[in-house]
Amino acid sequence: MAGITTFMTMAYILAVNPSILADAGMDKGAVFTATALASGIACVLMALLANLPFALSAGMGLNAYLAYTVVIGMGYSWETALTAVFVEGLIFIILSLTNVREAIFNAIPTTLKVGVSVGIGLFICFIGLQNAHIVIGSTTLVGLFPFGDSIREGIFRSEGLPVLLALIGTLVTAFLVIKRIRGNILIGIVITWAMGILCELVGFYVPNPEAGFYTLIPSGVFSAPASLAPTFMKLDFSNMFTLNFFSVIFAFLFVDLFDTLGTLIGCASRANMLDEKGRLPNIRGALLADAIGTTAGACLGTSTVTTFVESSSGIAEGGRTGLTAITTGFFFLLSLFFAPLFLAIPSFATAPALIIVGFLMMQQVVKIEWHDPVEAIPAYIAIFAMPFMYSISEGISMGIISYVVLHVLTGKTKDMSPLMYLLAVLFVLKYILL
């Protein structure tokens, strides 16, 4: 149940990733196959190497960085960009085997880890609100979807109704959670999707593909996997020793490293998997699965593979072991043959799951030592930075910098790991140089 729930909340990546990488000139069908394969392989590795319930796929943000910054902005070919991802993956494997990533995880104080978990809860809630178009861009930066305007402009039946269904689905899922119904989040997704299909069948919902609102009814069930040939092993090392290439690798490395650490911290905190010292057993296996997944993904033809915050939806369903990850991986591999079915899952149906999971992760906030401002303020900064800056890694950056500065200024550095000083300096340099 947990594995299926995680997959349902992540299935959007199978549609979104090929669309983004196609803008870089990559073959859409090959990228779909590569994404499904790399996700399946990485999830299975997470189960085998770490026995943890975390799922992996091509990371959002990192795929956009590859397409719009590295290829379109900097003028590199997509083959060179994939090579940077490949090299980054190899570096990650080395860092994972030499305990560098594990040491960074363990160096982060427990209070800050709790702040990261709560921040991810708000972040994943915001993603759900955004995916369902409940929250949209406005003159006030963000605002509620304008139902009145959509009715007056005649677009409610295509654009407004999915927003309404997402809100109803959130209440339905909340009710199922309150009643402690087994599989509440997955059932909420299915009910919300079913309501949409029913609305389309009776004519209440009218698809408008030009505006990005597609039919909710699967066009079919079975399809043969697209060929990997256009992207498989298309690596180009000719630009490897240029300064710009190294800056690209560093950018991939930085975002992937701290996005992954943040996700592991948040999801492990939600599942109460951290020990009394705030450490995660089997973390080396988890980091290694992430690194190998990235390397394999680059060879297959997709952007950086990373641990997904949507894993928390499966954890909320009770997922605690690698069985959750291997089930998610199985469904990613299955999607190769049932693409029309899985691609029909609308974002407004998975939004309620993300919103409710955000609520569940927010519960960690009571573990923050609010009576000690030196500990609490950096956690608070990490909490608001993640949703407002739309980045897990930025939340960790801000949290660590503020933690070190405030502890130095107040002279409370006795129990602080020396690695925290190094991380704070690196984060400051990142803001100056990147």
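Which residues touch the most other members of the largest nonpolar core? In this predicted model, where local features need pLDDT of at least 70, side-chain atom pairs count only at pLDDT 80 or more, and totals for chains, interfaces and linings use all residues, the answer is M46, F54, F258 and I400, out of the 104 residues in that core. Residues are numbered from 1 along each chain as its sequence is written, and side-chain values use heavy atoms, with hydrogens and water left out.

A nonpolar core here is a set of buried Ala, Val, Leu, Ile, Met, Phe, Trp, Tyr and Cys residues joined through side-chain atoms within 4.5 Å, where buried means under 20% relative accessible area, exposed over 50%, and partly exposed in between (1.4 Å probe, protein chains only). Helix α3 (residues 28–50) gives this core its largest share, ten residues; helices are DSSP runs of H or I with at least four residues, numbered from the N terminus. F258 is in contact (heavy atoms within 4.5 Å) with I104, I392, S393, I396, L423 and F427, leaving aside residues up to four places away in sequence. Another core, of 25 residues, lies apart from this one and has L62, L66, V85 and V87 among its members.

I104 leads on to helix α6 (residues 100–107), whose buried residues are R101, I104, F105 and A107. Seen down the helix axis, these fall within an arc of 165° and so line one face of α6, the arc being that of the directions from the helix axis to the C-beta atoms. Their cover includes α5, α7 (110–131), α11 (243–270), α12 (283–300) and α19 (418–433).

Within helix α5 (residues 78–97) lies S96, which counts as buried because its relative accessibility is 2%. Its side chain reaches the backbone oxygen of F92 at 2.8 Å, and, not counting residues up to four places away in sequence, S96 touches R101, R284, L287, L288 and A291.

R284 also takes part in one of the three salt bridges found in a search of the whole structure, a salt bridge being a side-chain nitrogen of Lys or Arg within 4 Å of a carboxyl oxygen of Asp or Glu. Its partner is E102, with the closest N and O atoms 3.8 Å apart, and the pair links helix α12 to helix α6 across 182 residues. R284 is partly exposed at 38% relative accessible area, as is E102 at 21%.

E394 and K430 form another salt bridge, their closest N and O atoms being 3.3 Å apart. Because E394 lies in helix α18 (residues 392–409) and K430 in helix α19, this pair ties together parts 36 residues apart in sequence.

Definitions and conventions: Helices (H or I, at least four residues) and strands (E, at least two) are DSSP runs, numbered from the N terminus. A polar contact is a pair of N or O atoms within 3.5 Å; within protein, one must be able to donate a hydrogen and the other to accept it, and residues adjacent in sequence count only if both atoms are side-chain atoms.
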